[in-house]
Amino acid sequence: MEEQVKNIEKKHIEAPVLPLLPLKNVVILPKSIIPIMVGRPSSIAAVEHALKHDKTLFISAQKEQITESPTIEDVFQIGTRSTILQVGRMPNGALKILAEGICRSKVVCSENQEEFLGVEIADLPTKNNKNSVKLEAHWRQLKELYRSYVKLNDKAPSDLITMIKTPQEIDYVTDTIAVHVNLSFNERQEILETIDLHKRILRLCGLLKKEIEILQIEQSIRGRIHEQVEKSHREYYLTEQMKAISKELGREDQASEIAQLRIKIKKLGLPKEAFEKVEKELKRLEQMPPLSSEAVVSRHYIEWMSAIPWKQESKDTISLIQAEKILNRDHAGLHKAKERIIEFLAAKKFSKKLRRSPIVCLVGPPGVGKTSLARSIASSMGREFVRISLGGVKDEAEIRGHRRTYIGALPGKIMQAMRKCKKTNPVILLDEIDKLGRDFHGDPSSALLEVLDPEQNNTFVDHFIDVPYDLSKVMFIATANMLEGIPYPLFDRMELISLSGYTEQEKVIIAKKFLIPKNLVEHDLTTRQFRISDEVLTKVVNDYTKEAGVRQLERTITKLMRKTIQLLLKDKKAKVVVITPTRLLEWLGNTKFKKTSLNSSKDRIGLATGLAWTEVGGDVLEIETTMLPGKGNFTLTGQLGEVMQESAQAALSYIRSRAKDLNLKNKTFHTNKDLHIHLPEGATPKDGPSAGITICSALLSILTNTPTKQKLAMTGEITLQGRILPVGGLKEKLLAAKQHGFEQVIVPQENFEDIQDILKETDLKDLKIIFAKNMDQVLTLAFEKSPLKKVGRKLATR
């Protein structure tokens, strides 16, 4: 064994320091679970340290029971790496823990911590635990002896040795038998230190034989004495024994603990149904041993019921002026979202009967401030704020909780949030609600239907709590990036507030007012040491970021600050660092997102420029077409989705139906020519109907050999009759057109009111917006020379 331990020490790699818990006259074996009373200050500190980390500690027995302050020399070097399963605090400051042995371990070295002794250990794997005839023979002998022992000792479990097949199971059961056999302290330590499985089984067989002989003699003596003991003496003996057992099990402490819980529950003012449920659990708890598994479940339930707020409500500080100041202080732009929030606060202040809070869903690209806006709403109302991340949640029990029949059951995320905030009317953010999953465990989005329905959430039932709970005072705010990911029944219960991406000017303002001051503090820089002008900031926004929000912008700014710190440390004389375009090129590299397009191309035949909406904002979409000799084949490339492919088919059908009105040189092109439409950046998926008029213009350009105009972009859905239908994402599309240097944009006439709202909050002075009802009007403007024989009606402009 010593030789094996030395080998283990050689192989030992630096391990984390574990707290040492020395025990008096107690040995814990692997896979055994024992209750331990911890009273010494150093031992309490060791347990507290373990609880703060991974609940792992090293338990070893003292060599002498009388030693009160044991050192590393006073304990056996071989002990058990153990984990803490349960902790109970006693009124006198002591701890009552339930520990489980994991494996045999040996002390490699020790070091004194401030309040306890720490050790580095190496695990001792069992030796000779492979299948062999010798092992089988030893195991059969141990089984026979244990069967004889069970017949003499009713307290020993009889099912330990059944269904044991593998050597690993024999190893585990051998230790378990040693736990249940009445062995002395030194004998248990000897079993613990025996790493060789063959030797351990043989030693345990010898001990079992000795114990069987003792039990047989005791049984014989007990039979003779039983007839001689009088009834009164027996009752006295049993009474005293019960008192001793109660004292050992800590039942006196449990009674006082239950009395305190009753007082606490009465002060909470629980509803009748909830109070009856808790009272029932308290009565059950009184009848159970304090360390039994059932008692742990009941105590866990009662603790949760007492920790959830039932009547504690925070008072709303509804000041419209103050709320508006907070929203404007924390966020730039987002006028519609702020206006809706102020509307709700005004209605709540005006009407005292308005008890139900709205269910708001903030939809927008990543990084536009949805989460921080929800936090500002809570701050403006004076309410507690809790965030629940729903991204990737696939189990219904994450929302409704687990039933208490399961081991480790817990309430769902909603009730956990209520316990965290300790108020009945917080603001709860359901973050990334469009990324909910579903599998065989259930559909969490269906579980949210009750939570987000004002008609039902006043009687929400969590599976763990198992009584109705009122969520009607809670203000739920959901966030999402895409509406398509939200199930319709869930979407129908929420009020939608769309958050568009920030404009170039808004990003510069956010950087100056929020991002730069915040990161200057974090990097311990001053405004004198780090200077950046509005022009350079604008260049950073345009050339080094491509997003609707400001996360990428913040990362770029922090990189510039790190480079600034590096320069200040290298050059001690430098006191001020000014960020110039030259430094941008040196520190950030070449421009990452060039705003280039085919505007400068002279050959515009077969080309048309459209506008697209993406999750990170607007973008420009160049559509290329070419015509080849063939048999009328129509090819679409560029990873186009089904909707966009159908838009291309509709555009082609429109052109064929209007062949007489268009200056087509080859009116039978659909039989003797092949057409190919390609959208560059083929690795990026593209879909949606808004490129319909752009595809139609590109096709007509190649069919009529007429170039399209430069610096003109367009967006709109086309029908077979040439009508132009409205599209979405116009703010992002128009901003993209402006950033790429376009001068004119054609949009559907039915989007006129949307454009007016956009113009109120966005500076688009240099961009001429033209409204069109049908394709004839588009063709009149999109080409250098109109392919129509008859000019369409006059176009409307803003």
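Predicted model: local features only at pLDDT ≥ 70, side-chain atom pairs only at ≥ 80, totals over all residues.

**A walk through the chain**

Residues are numbered from 1 along each chain as its sequence is written, and side-chain values use heavy atoms, with hydrogens and water left out.

That bridge belongs to the pairing of strand β1 (residues 18–23) with β3, where four bridges join the two strands and they run parallel; strands pair, in the sense I use here, if DSSP finds at least two bridges between them. Helices (H or I, at least four residues) and strands (E, at least two) are DSSP runs, numbered from the N terminus. Four bridges also join β3 to strand β4 (residues 78–89), and these two run antiparallel, with T80 in β4 as the bridge partner of I59.

How many of the six residues of strand β3 are buried? Six of the six residues, 56–61, are buried, so β3 is largely enclosed by the rest of the structure, where buried means under 20% relative accessible area, exposed means over 50%, and partly exposed is in between, with a 1.4 Å probe and protein chains only. In a regular strand the side chains alternate between the two faces of the sheet. In β3 both faces are covered, with T56, F58 and S60 buried on one side and L57, I59 and A61 buried on the other.

Further along, strand β16 (residues 607–614) and strand β17 (residues 617–629) pair in the antiparallel sense over eight bridges, and A608 stands opposite I623 in β17. Strand β17 also pairs with strand β19 (residues 673–678), again antiparallel, over six bridges, and there L628 stands opposite D674 in β19.

Now to a pair of helices. Helix α3 (residues 133–152) and helix α4 (residues 167–180) pack at an angle of about 30°, with their axes 12 Å apart; the axes are lines fitted to C-alpha atoms, for helices over the stretch in contact, and angles run from 0 to 180 degrees between N-to-C directions. That makes α3 roughly parallel to α4, since angles under 35 degrees count as roughly parallel, over 145 as roughly antiparallel, 65 to 115 as roughly perpendicular and the rest as oblique. Among the residues that meet here are W139 and Y146 in α3 and I170 and I177 in α4, contact meaning heavy atoms within 4.5 Å.

Two single residues remain. L334 is in the loop between α11 (320–330) and α12 (335–350), and L334 is buried, with a relative accessible area of 10%. Not counting residues up to four places away in sequence, L334 touches V368, L373, L499 and Y502; of these, L373 is 39 residues from L334 in sequence, and the two are 9.3 Å apart in space, C-alpha to C-alpha.

S701, by contrast, lies in a helix, α24 (residues 692–704), and S701 counts as buried at 0% relative accessibility. Leaving aside neighbours within four places in sequence, S701 is in contact with residues including R604, L607, P707 and F783.
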